[in-house]
Structure formats: C-alpha cells, structure tokens
Amino acid sequence: MVICSVFLCLAFLTAGGVFSVDADDMQSVSVMEGENVTLHTDVFKQRDDKIMWYFGPENTFVARMNGKASSTMYSDDEMFRDRLKMNNQTGDLTITHITSHHSGLYTLKISSNNKVSYKTFNLTVSARLPVPVISRVSSQCSSSSSSSCCCVLCSVVNVSHDVSVSWYKGKSLLSSISVSDLNIRLSLPLEVEYQDTNTYRCVVNNPITNHTQHLHITQLCHTSEGTLESILY
C-alpha cells in the first residue's frame with residue numbers, strides 16, 4: 001500500500017491495475033472476537049452492478065457479486081472459508097465468528113453503468129476482556145497509618161493490546177495502567193483505610209467494552225488475606 005500525501009489518497013495494486021480511494025471515505029469498524037460484523041455498501045444493487053470486496057494491502061479477493069445474486073463468489077482462503085455472506089440487495093459483506101486475523105483494511109469496489117466507485121473499511125477486532133479480580137496483598141502500606149490501612153490489588157491476565165486497568169473512587173479516577181503487549185498480566189495496587197466508606201471500583205476496558213469490579217472493604221480487608229470473587233455490575 002502506498003500513501004499519497006499530496007492527493008490524500010490510498011493507492012492499491014490489483015490484478016486489474018491500480019485504483020485509488022479517498023482517505024476521507026475510510027470507515028473505522030470495531031468488533032469483539034467471536035462476533036459477526038457487517039460492512040455496509042450504502043447502496044441498492046442494480047441488475048448489472050458488479051460488487052467486489054478485497055482484503056489487506058495486497059487486495060486479496062474476498063467476495064464478488066456479478067449481476068444476479070446467483071453469481072455470488074466467495075474466497076476459498078482458510079481465513080474466510082464458510083464465514084462470508086453478501087446481501088443480495090445491497091452487496092453488504094458479513095463476516096461471521098470473527099477472529100483477530102480478520103483485522104485490517106477492506107476495500108469495496110462497485111462497477112455500475114461504466115462507472116467505478118470505491119469505499120474502504122478499517123476493521124479492528126479486539127480480544128474478549130478478561131474478568132478483573134481484586135485480592136488483598138500482604139505487603140505493608142506505604143502510608144504513615146499503615147496499621148489501619150488495607151492494601152489490595154486489581155489484576156487481569158492474558159490481556160491483549162489496547163487494554164487498561166483503572167481504579168476509581170466514586171466517579172474520580174485515582175490511577176490507571178495500560179498495555180501494548182500481548183498475553184501479559186496487568187496489576188494495579190490500591191491502599192484504603194479500614195474504616196473508609198467511599199465507593200471504590202476497578203475497571204478493565206478496551207476501545208469496545210469494559211468490566212467493572214467493586215471493592216467491598218468490609219468483606220476483603222476485615223478477613224484473612226485472599227481473593228474476592230468477581231462480582232460484575
């Protein structure tokens with residue numbers, strides 16, 4: 001893929017030659033692993049229209065519809081096999097049971113009445129979020145009143161990129177940590193007073209969704225060290 005900074009376009013090389021797409025026409029789509037996603041053409045197909053879908057910088061063939069819906073053809077690549085469906089009236093492309101391998105650039109090419117138009121989609125597939133777990137830790141608190149404080153840890157494992165873990169006191173953000181690597185453990189500590197009556201919650205999130213774990217000080221800090229089972233709200 002070549003980026004043309006002067007003309008603000010994206011140039012793609014296919015078997016039929018080079019075609020360009022205005023960068024302003026690119027749509028960003030986000031979805032979770034295991035879900036289905038539909039890329040919309042925003043047109044109603046006419047009888048003689050030819051609709052083509054491509055994937056990636058190499059413009060790998062994904063699907064096409066020539067004239068009648070009965071002439072629809074799908075990629076036999078293992079990545080897309082038995083996952084594709086084109087809408088007979090619009091040419092919308094649906095990918096089922098999506099995985100992270102389907103992330104990337106999708107290009108739509110529509111040939112109609114000797115005119116050709118293009119549209120691109122930047123598809124991001126995020127891994128499902130792990131459930132956060134809050135546990136009490138044995139290390140001493142850093143505060144001067146360590147004898148009356150409780151040290152807790154909010155942890156998640158096997159996280160993917162663009163995941164963050166944050167502590168909130170009510171609606172106020174106290175601290176946060178994020179990760180750009182894959183399959184690692186994220187842990188964020190918090191010190192609270194035994195008699196604290198404020199509401200604390202740990203939130204793990206990615207660009208699509210989030211999970212929240214509430215800290216119950218009475219249950220966790222006034223018992224022996226251990227793990228508080230996840231309670232999602």
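The structure holds four aromatic pairs (Phe, Tyr or six-membered Trp rings with centres within 6.5 Å; planes under 30 degrees apart are stacked, over 60 edge-to-face, the rest tilted). This is a predicted model, where local features need pLDDT of at least 70 and side-chain atom pairs 80 or more, while totals for chains, interfaces and linings use all residues. Residues count from 1 along each chain as its sequence is written, and side-chain values use heavy atoms, leaving out hydrogens and water.

**Exercise 1.** Work out which residues form one aromatic cluster.

*Solution.* 
- Step one: take phenylalanine 55 and phenylalanine 80, an edge-to-face pair at 5.6 Å centre to centre with 75 degrees between the planes. Phenylalanine 55 sits in strand β6 and phenylalanine 80 in the loop between β8 and β9, 25 residues apart (strands are DSSP E runs of at least two residues, numbered from the N terminus).
- Step two: go on to tyrosine 106. Its ring centre is 6.4 Å from that of phenylalanine 80 and the planes make 85 degrees, so this pair is edge-to-face. Tyrosine 106 belongs to strand β11.
- Step four: check burial (under 20% relative accessible area is buried, over 50% exposed, in between partly exposed; 1.4 Å probe, protein chains only). Phenylalanine 55 is buried at 14%, phenylalanine 80 at 2% and tyrosine 106 at 0%.

**Exercise 2.** Find which backbone nitrogens the side chain of asparagine 206 reaches.

*Solution.* 
- Step one: locate asparagine 206 in the loop between β18 and β19. Its relative accessibility is 6%, so it counts as buried.
- Step two: look at the nitrogens.

**Exercise 3.** Say which strands stand at the edges of the four-strand sheet.

*Solution.* 
- Step one: write down the order, β16-β15-β18-β19, an open sheet with antiparallel pairing (strands pair if DSSP finds at least two bridges between them).
- Step two: read off the ends. β16 (172–179) and β19 (210–215) each have a single partner strand, so one side of each lacks a neighbour in the sheet.
- Step three: zoom in on β18 (200–205), joined to β19 by six bridges. Valine 203 has threonine 212 in β19 as its bridge partner.

Notes: A polar contact is a pair of N or O atoms within 3.5 Å; within protein, one must be able to donate a hydrogen and the other to accept it, and residues adjacent in sequence count only if both atoms are side-chain atoms.
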